[in-house]
Amino acid sequence: MRLKHLPLLLLAFACAAAAAQQAAIPLWPDGAPGSEQRRAEPETVKDGVYISNVHAPSLTAVRADPRHANGAAVIVVPGGGHRMLVFQNEGVAAARLLNRVGVTAFVLKYRLARDEGSRYTIEGDGAADLRRAVRWVRTHAAEYGIDPARVGVMGFSAGGELVSLVADNPEPAGFAARDAVDRASARPDFQVLVYPGPLGVPARAVKGAPPAFLVAGSRDTCCMPPTIALYQQLVAAGVSAELHLYADTDHAFNVGQRGERVSLQHWPDRLADWLADGGWLVPRGNRAPEGVPAP
């Protein structure tokens, strides 16, 4: 084992231990629409880290240390091809890294359209779970010391598709609010897409979309092209966007704990820079986000 990887390995073990102690917060108290009869079914956990058979969408809160929590929040959406959730490496590990810059994170478990025997859809059920998550965090912002106008979303691979569907595409027509949570806005204030899949690109509502940070590998034949295409769409629409492509890099580099490239180990630092430059890490009264006038 190379010593340079030791801190990342220790982080992974710490994340696993922390996640085991966190209780899942159900997004719908009586079950997600269309899944009420299956909400009590247990999830399937493979190798202790890959989750499937999700019928009760939920959030796992990963709080920043109160000594430097800054009121920003990010909902982390793991990937897994809509067949499973890479809950540790693309969920809890990302949340802990966000905690380091004072961001409170929530890791989403969403319904999986390509799980064995699933009748869910990505555009219908998966995206609805993320919209509900954004609304839930905004509605409960005061309980977590969160600014409801600094709520972002961060998706990996399949989770990145959900981010694009929610942030850069219109909500399906006919949505009717069922409760107070549903009456909150589902539009995130900023978006982070990590090697996102192609679904939702080209986007259909980029005008006025939230500021975006996009990252992918130059050899990722699946997800590098839609990453570039979405970036170009956003910029053409006047949306603030930043793109990072890493040389000789394929898919699923997570938050830097996979592979030998030093640059990949530091890509979360570039995200932290972008969050700081955009003003998302300070209260709005102190500094307005980039391109947005102070209130």
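What follows are my entries, in the order I looked things up.

**Entry: confidence**

I began by noting that this is a predicted model. The mean pLDDT of the protein chain is 91, and 89% of its residues reach 70 or more. Over residues 1–21, though, I found the pLDDT below 50, and that stretch has 24 contacts in the model beyond near neighbours in sequence. Residues 288–295 also have a pLDDT below 50, with eleven contacts beyond near neighbours in sequence.

I then traced an open sheet of three strands, and wrote down its order as β2-β3-β6, with antiparallel pairing. Which strands sit at the edges? They are β2 (44–46) and β6 (85–86), each of which pairs on one side only. Between β2 and β3 (residues 50–52) I noted three bridges, and the two strands run antiparallel. For one bridge I looked up the residues: K46 has Y50 of β3 as its partner. A reminder to myself: strands of a sheet pair through backbone hydrogen bonds, either parallel or antiparallel.

**Entry: strand β4**

Is β4 enclosed or open to the outside? Five of the five residues of this strand (residues 58–62) are buried, so β4 is largely enclosed by the rest of the structure. I checked the directions of the side chains too. In a regular strand they alternate between the two faces of the sheet. Here S58, T60 and V62 point one way, while L59 and A61 point the other way, and all are buried.

Next I looked for the partners of β4. Strand β1 (residues 25–26) is joined to β4 by two bridges and runs antiparallel to it. I25 has its bridge partner in L59 of β4. Five bridges join β4 to β7 (residues 104–109), again antiparallel. In that pairing, S58 stands opposite K109 of β7.

- The peptide bond from V201 to P202 is cis, with omega near 5°. P202 lies in the loop between β9 (190–194) and β10 (212–217).
- N53 is not a glycine, yet its phi is positive, near 55°. I placed N53 in the loop between β3 and β4. Its relative accessible area is 19%, and with buried meaning under 20%, N53 counts as buried.
- S157 is not a glycine either, and its phi is positive at about 55°. S157 is found in the loop between β8 (151–156) and α5 (158–167). With a relative accessible area of 12%, S157 is buried.

**Entry: D125**

I found D125 in helix α3 (residues 122–139). Its relative accessibility is 17%, so D125 counts as buried. What does its side chain reach at 2.9 Å? The answer is the backbone nitrogen of T121. Leaving aside neighbours within four places in sequence, D125 is in contact with P33, R111, R119 and Y120.

**Entry: N254**

My next stop was N254, in the loop between β11 (241–246) and α7 (262–265). Buried or exposed? N254 has a relative accessible area of 3%, so it is buried. Once neighbours within four places in sequence are set aside, its contacts are N89, E90, F156, Y195 and W267.

**Entry: cysteines**

How many disulfides does the structure hold? I counted zero. I still looked up the exposure of C222 and C223. C222 has 41% relative accessibility, so it counts as partly exposed. C223 is at 1% relative accessibility, so it counts as buried.

Conventions
Residues are numbered from 1 along each chain as its sequence is written. This is a predicted model: local features need pLDDT of at least 70, side-chain atom pairs count only at pLDDT 80 or more; totals for chains, interfaces and linings use all residues. Side-chain values use heavy atoms; hydrogens and water are left out. A disulfide is a pair of cysteine sulfur atoms within 2.5 Å. Buried means under 20% relative accessible area, exposed over 50%, partly exposed in between (1.4 Å probe, protein chains only). Two strands pair if DSSP finds at least two bridges between them. Helices (H or I, at least four residues) and strands (E, at least two) are DSSP runs, numbered from the N terminus. Contact means heavy atoms within 4.5 Å. pLDDT is the predictor's confidence in each residue, from 0 to 100. A polar contact is a pair of N or O atoms within 3.5 Å; within protein, one must be able to donate a hydrogen and the other to accept it, and residues adjacent in sequence count only if both atoms are side-chain atoms.
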